[in-house]
Amino acid sequence: MSSTATPLSPERYLADVQPPYSCLQVKPFFESLSNQEKHYAHYMSRASFEGTRIIIQQTNPTANGIYDLILHVFSKDGSLTDLKELAAKSGVSSEAFEQCVQYAGQFLGNLSNYKSFGDEKFIPRVSPEDFEKIVAASGSTQASQLFAELRKEIYNVEDTERNLLGFAEDGHLSGYYSSDITKAEIQKVQEYLEQAKIEPHNTRLFKTHKGYRLAVASAQKGTKQHQLPDGTELDISYGDFEAQMTRIAENIAHAKRYAANEHQSQMLDAYHDSFVTGSIEAHMDSQRHWLKDIGPTVETNIGFIETYRDPQGVRAEWEGFVAMVNQEQTRKFSTLVESAPQFVSRLPWPAAFERDTINKPDFTSLEVLSFATAGIPSGINIPNYTNITQVLGSKNVSLGNIISAQSPSEKFPFVREQDLELYRKYRNPSFEVQVGTHELGHGTGKLFEEAEDGSLNFDSETTLNPLTGKPVSTWYKPGQTFSSLFKAIAASYEECRAECIALTLGHHADILDIFNFKGQEAEDVLFVMYLNMARAGLVAMEFYNPDSKKWGQAHMQARYAIMNVMLKAGQGFVTIEREGDKLEIHMDRSKIRSVGAPAVADFLAKLQIYKATADEENGTAFYLEATSVPEEWVELRDIVLKNKQPRKCFVQPNTLIEGDQVVLKEYDPSAEGMIQSYIERRV
């Protein structure tokens, strides 16, 4: 095998040719809502999507210009322009025009010119000259000015390091930091924030001529001056994304008029306070009220939530979703939740490493109406504030119409021909089981912590570390969190832990029975669940950059680790067979319970113990070793890239108020439909 990476060419970064577009099938669920519930859903959807430009800016500071360019080129009088007329007027070939439309659709699907899944830049297939002709044909002066300014940003991939998101010091790009700030400086500020108990979720960090500026997202403006221990000035500046946060807060206020109960009303008050003032404490309050709002007809959550894309792992991306409950599917998850203490007791760590009280999570299957985010997940476990979840638990959410979305053109490389029919049949059902047990897993596991008064939430004399056999000697100090301590790997590490829990619990017959799988069908679902994880680990190679030795996607790094565990389990359980440029995953399904599951459980136990004991040094070394890619795998990665499949783009509906009614407007599942939905969303 080759020991050197294949040189990166511009073709590597070209936008997908024909990615599958899917519409969110939600109309029957929306139509079943009362008029009050529809208004509530409408305003919370508006609040969520008002953060669109925040998401774009957090990813690539210059990409909002590309967003405006797309809106100007393809809109006329606030509506989608006649694309046939625009194509004819531009004089470019039909292929070139379609390539331009596809780039626009994919930009909107990712809310950036960097992929939401992989964090790598993509560029148009249409030539700059033809793109310019299309811009000119639109008749928009603003579009022409923007294209002239952004042409290099849109097309340049020569600086290969900048084609990935990450620390500027490593040559990468990030919207969370100024380009002149070093990793050491970011860490220095973070240590001060921990000591001062200032949460960084809704912040960005910039270097100034006199020190640093911490920009806090809020509608209100203001500055508070701080001084770091070394005397450097730190200005905490409120009013970042002022225009967006103002409109978000306004829509929250409108939604409150349609709240279903006091919990929702108090939740919205806390949201409003947080988005106006920038207070994370207020956002924590919103989550406390949200957790008490059990089983609402319309479920929603909004704010700076996930830290996947911050290379430091502490700053969160804006997102907001609105969805309706699927009662039939929720009944299955409710049964899973009712037995949560029993299932959690099967996890491979001592009782002292589990939460003192298993707070039964509220587990709901939802049909998504709107999800303002760079990439829609299949399931969610929130809130991400451990000080809340350790006490109040969490909500687990499975997004049914995301899981079930299919495309006839979808292919599944690396699955053996004899396994393919079974794989197609049970891929979605097995994924439903995986998502359920995965999200349940996020709510498990204790963190050993020291309170402000020096007290511990565990007995340091009698609690033994299973890896050393000695009393636990490390724990989280006041102000420390898992994310702040484990930094860049924290998100992937936790996703890996949850995926391992899914495989560790998913093979039990009583869990499969909850999802109505029995006998041979249950065994088939289990086989496909493990096969799908192994395949995901191989596909994950697409998201690894061998030059920078950097992973571009938290979930895929996690799945690669689990595939490695399966391979190293031995005994012929999983092997990857190569014949020329063809790779196949061979799995001995008879060894899932005897070889595969025990190997995953052993790996899971180590993940949990390092996390629980705040052992960042050993935990990081362990995880980086598990996700390291040997040189001889580079050639296999080339084969994976040749079989790369485009990710789905979800075209989301809009809600409109007509008189005293709220109506749903759906769009065609295409790049054109994607563009039209954003033009009419007007954010």
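A polar contact here is a pair of N or O atoms within 3.5 Å; within protein, one of the two must be able to donate a hydrogen and the other to accept it. With that in hand, welcome to a set of close-up views of a predicted model.

**View 1. Ser-279 in the loop between α11 and α12.** This view shows Ser-279 in the loop that joins α11 (262-277) to α12 (280-292). Which backbone nitrogen does the side chain of Ser-279 reach at 2.9 Å? It is that of Ala-282. A polar atom of the Ser-279 side chain also lies 3.3 Å from the backbone nitrogen of Glu-281. Both distances are within the 3.5 Å cut-off for a polar contact. Ser-279 counts as partly exposed, because its relative accessibility is 23%.

**View 2. An open sheet of 5 strands with mixed pairing.** The strands follow the order β8-β9-β10-β12-β11. At the edges are β8 (298-306) and β11 (379-382), each of which pairs on one side only. Direction ignored, neighbouring strands are turned against each other by 35 degrees on average. Helix α2 (residues 35-49) packs on this sheet, where it touches β8, β9 (317-325) and β10 (362-372), and its direction makes about 15 degrees with that of β8. Helix α3 (residues 52-59) also lies across β8, β9 and β10, running at about 140 degrees to β9.

**View 3. Strand β10 and its partners.** Strands of a sheet pair through backbone hydrogen bonds, either parallel or antiparallel. Both kinds can be followed in this view. With β9, strand β10 pairs in the antiparallel sense over 6 bridges; one of the residues to look for is Met-324, whose bridge partner in β10 is Glu-367. With β12, strand β10 pairs in the parallel sense over 5 bridges, and Ser-365 stands opposite Ser-398 in β12. How many of the 11 residues of β10 are buried? The count is 11 of 11, so β10 is largely enclosed by the rest of the structure. Moving on to β11, 4 bridges join this strand to β12 (residues 395-399), and the two run antiparallel. Asn-381 has Asn-396 in β12 as its bridge partner.

**View 4. Glu-439, annotated as an active site.** The "active site" label comes from an unreviewed UniProt entry and covers Glu-439. Glu-439 lies in helix α17 (residues 417-442). Is Glu-439 buried or exposed? Its relative accessibility is 5%, so Glu-439 counts as buried. Leaving aside residues up to four places away in sequence, Glu-439 touches Phe-363, Gly-379, Ile-380, Asn-381, Asn-396 and Val-397. Among these is the bridge pair Asn-381 and Asn-396 from the previous view. The side chain of Glu-439 also reaches the backbone nitrogen of Ile-380, at 3.4 Å.

**View 5. His-438, His-442 and Glu-495, annotated as a binding site.** In the unreviewed UniProt entry, the "binding site" annotation covers His-438, His-442 and Glu-495. These residues are spread over 58 residues of sequence, yet they cluster in space, with a largest C-alpha distance of 8.5 Å. Helix α17 holds His-438 and also His-442. His-438 counts as buried because its relative accessibility is 6%, and His-442 is buried with a relative accessible area of 12%. Beyond residues up to four places away in sequence, His-438 touches Glu-495, Ala-498, Glu-499 and Ala-502. On the same terms, the contacts of His-442 include Arg-355, Asn-381, Glu-494 and Glu-495.

**View 6. A few of the 27 aromatic pairs.** The model holds 27 such pairs. Phe-49 and Tyr-678 make an edge-to-face pair, with 6.3 Å from centre to centre and 90 degrees between the planes. Phe-49 belongs to helix α2 and Tyr-678 to helix α26 (residues 671-681), so this pair ties together parts that are 629 residues apart in sequence. Both residues, Phe-49 and Tyr-678, are buried. The rings of Phe-482 and Phe-486 have centres 4.8 Å apart and planes at 40 degrees, so that pair is tilted. Phe-482 and Phe-486 both lie in helix α18 (residues 482-486), 4 residues or about one turn of the helix apart, and both are buried. Elsewhere, ring pairs link Tyr-103, Phe-122, Phe-131 and Phe-147 into a cluster.

Key: Residues numbered from 1 in each chain as written. Predicted model: local features only at pLDDT ≥ 70, side-chain atom pairs only at ≥ 80, totals over all residues. Heavy atoms only, no water. Pairing = 2+ DSSP bridges. Axes fitted to C-alpha atoms, helices over the stretch in contact; angles between N-to-C directions. Contact = heavy atoms within 4.5 Å. UniProt positions renumbered as here; feature names shortened; annotations may be inferred. Buried < 20%, exposed > 50% of the residue type's maximum accessible area, 1.4 Å probe, protein only. Phe/Tyr/Trp six-rings, centres within 6.5 Å; stacked < 30°, edge-to-face > 60°.
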